[in-house]
Amino acid sequence: MLNKYARAFFTRVLTPFAALLLRLGVSPDAVTLIGTAGVMAGALVFFPMGEFFWGTIVITLFVFSDLVDGNMARQAGISSRWGAFLDSTLDRVADGAIFAGFALWYAGRGDDNILCAVAIFCLASGQVVSYTKARGESIGLPVAVNGLVERAERLVISLVAAGLAGLHKFGVPHIDILLPIALWIVAVGSLVTLIQRVVTVRRESAEADAASAANGPADR
Ligand SMILES: CCCCCCCC/C=C\CCCCCCCC(=O)OC[C@H](COP(=O)(O)O[C@@H]1[C@H](O)[C@H](OP(=O)(O)O)[C@@H](O)[C@H](O)[C@H]1O)OC(=O)CCCCCCC/C=C\CCCCCCCC
Ligand SMILES: Nc1ccn([C@@H]2O[C@H](COP(=O)(O)O)[C@@H](O)[C@H]2O)c(=O)n1
Ligand SMILES: [Mg+2]
Ligand SMILES: [Mg+2]
C-alpha cells in the first residue's frame, strides 16, 4: 500500500536531491552501496546496545537511498538489469541487518527469548516473502499480488516503533512496549503476506500449466 501511495510523494520530494547527486558525479550504484552500508551500521552497532533512538535516526538517514538510487538511474536514463539486481539484493541485506539488530538485543541485554525468536521470524519471513515474488516471476508468472505487508510496511512499522521505543532512555515511561508490539505485527503480517503470495503463485502456476497442456508438448 505504501509502495503504491507514498512512492509518488517521495519521488517528487527526492528528485531534486537525486539530480544534485548526479551533477556531483555520484552514480546510482554508489548510492545503493553506501545506503546499505549505513543501514547495516545503524542496525548492527546501535540496536544490539539497546540504542533504538539513535539507531533509527542513522537508519532513517540512509534507508531513503533506496528511493534515491532508482530515481537517479531513471533521471539519467541509465536504469539497468544490474542496477535492479543490486538494488533488490542489497534490500535483503539491509532488512536482514535491521531484524538481526533487534534479535541481538533480545538475545543479549534485552534478555527475552520469545522476542528474540519473533525478531528472527520477522527476518526470515521477510526474506521469504520477497523470494516468493522473485522466484514466481523468474518462472514466468505475473505474481499479481503484493499482499498485506510489503517491504515498505515492514520497515515503517518496525522503525517508527523502534525510534519511539528509544525515547524510553530519555525518560518517556512505558513507550518501549511499542517495539514488541511492532515486531508481533510485522511477524503476523509477514505470515499473512506469505500465504497470500504462495496461494497466488499456486493458482497462477496451475493456470499456466493447464494452458501449456492444452497447447501441447511444444509449449512446455
Ligand atoms: C521522536 C521519534 C523519533 C523517531 C525517529 C524517526 C522515525 C522515522 C521512522 C521511520 C522511517 C522509516 C522509513 C522507511 C522508508 C522506507 C523506504 C524504502 O526503502 O522503501 C522501499 C520501498 C520498496 O522499494 P523497492 O521497489 O526498491 O523494493 C522492492 C520491494 O521491497 C520488494 O519487497 P517485497 O514487498 O517483495 O518484500 C522486493 O521484492 C524487491 O526486490 C524490491 O526491489 O519503497 C517504497 O515502498 C516506496 C514508499 C516508501 C514509503 C516510505 C514511507 C515513510 C513514511 C513515514 C516515515 C516517517 C515517519 C515518521 C514518524 C515519526 C515517528 C516519531
Ligand atoms: N543502482 C541502481 C538502483 C536502481 N536502479 C533501477 O531502479 C529500479 C529500482 O527503483 P527504486 O525507485 O525502487 O529504487 C531498479 O529496478 C533499476 O531499474 C538502477 O538502475 N541502479
Ligand atoms: Mg532503490
Ligand atoms: Mg530497493
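A polar contact is a pair of N or O atoms within 3.5 Å; within protein, one must be able to donate a hydrogen and the other to accept it, and residues adjacent in sequence count only if both atoms are side-chain atoms. By this criterion, a polar side-chain atom of Arg74 lies 2.9 Å from an oxygen atom of ligand 2. The structure is a predicted model, in which local features need pLDDT of at least 70, side-chain atom pairs count only at pLDDT 80 or more, and totals for chains, interfaces and linings use all residues. Residues are numbered from 1 along each chain as its sequence is written, chains are lettered from A and ligands numbered from 1 in the order in which they are written, and side-chain values use heavy atoms, with hydrogens and water left out.

The average pLDDT of the chain (the predictor's confidence in each residue, from 0 to 100) is 96. A score of at least 70 is reached by 98% of the residues. The ipTM is 0.87 and the pTM 0.93.

The chain has eight helices and zero strands. Helices (H or I, at least four residues) and strands (E, at least two) are DSSP runs, numbered from the N terminus. The pattern along the sequence is α-α-α-α-α-α-α-α. Along the principal axes, the C-alpha atoms fill a box of roughly 70 × 45 × 25 Å.

Ligand 2 is surrounded by 15 residues, a residue being near a molecule or strand if one of its heavy atoms lies within 4 Å of it. The closest are Arg7, Asp29, Asp66, Asp69 and Arg74. A polar side-chain atom of Asp69 is 2.9 Å from a ligand 2 oxygen atom. Gly70 contributes a polar backbone atom, 3.3 Å from an oxygen atom of ligand 2. The protein buries 83% of the 460 Å² that ligand 2 exposes when taken alone; accessible areas come from the Shrake-Rupley method with a 1.4 Å probe, and for residues only the protein chains shown count as cover. Helix H2 (28–46), H4 and H5 each give two or more residues to this shell. H4 has the largest share, five residues. By class, the shell holds four nonpolar, five polar and six charged residues. Here Ala, Val, Leu, Ile, Met, Phe, Trp, Tyr, Cys and Pro count as nonpolar, Asp, Glu, Lys and Arg as charged, and the others, Gly among them, as polar.

Around ligand 1 there are 29 residues. Arg7, Ser88, Ser130, Arg154 and Arg197 are the closest. An N or O atom in the Ser88 side chain is 2.8 Å from an oxygen atom of ligand 1. For Asp87, a polar side-chain atom lies 3.3 Å from a ligand 1 oxygen atom. The corresponding distance for Asp66 is 3.5 Å, again from a polar side-chain atom to an oxygen atom of ligand 1. H7 gives the most, nine residues. The shell comprises 15 nonpolar, five polar and nine charged residues.
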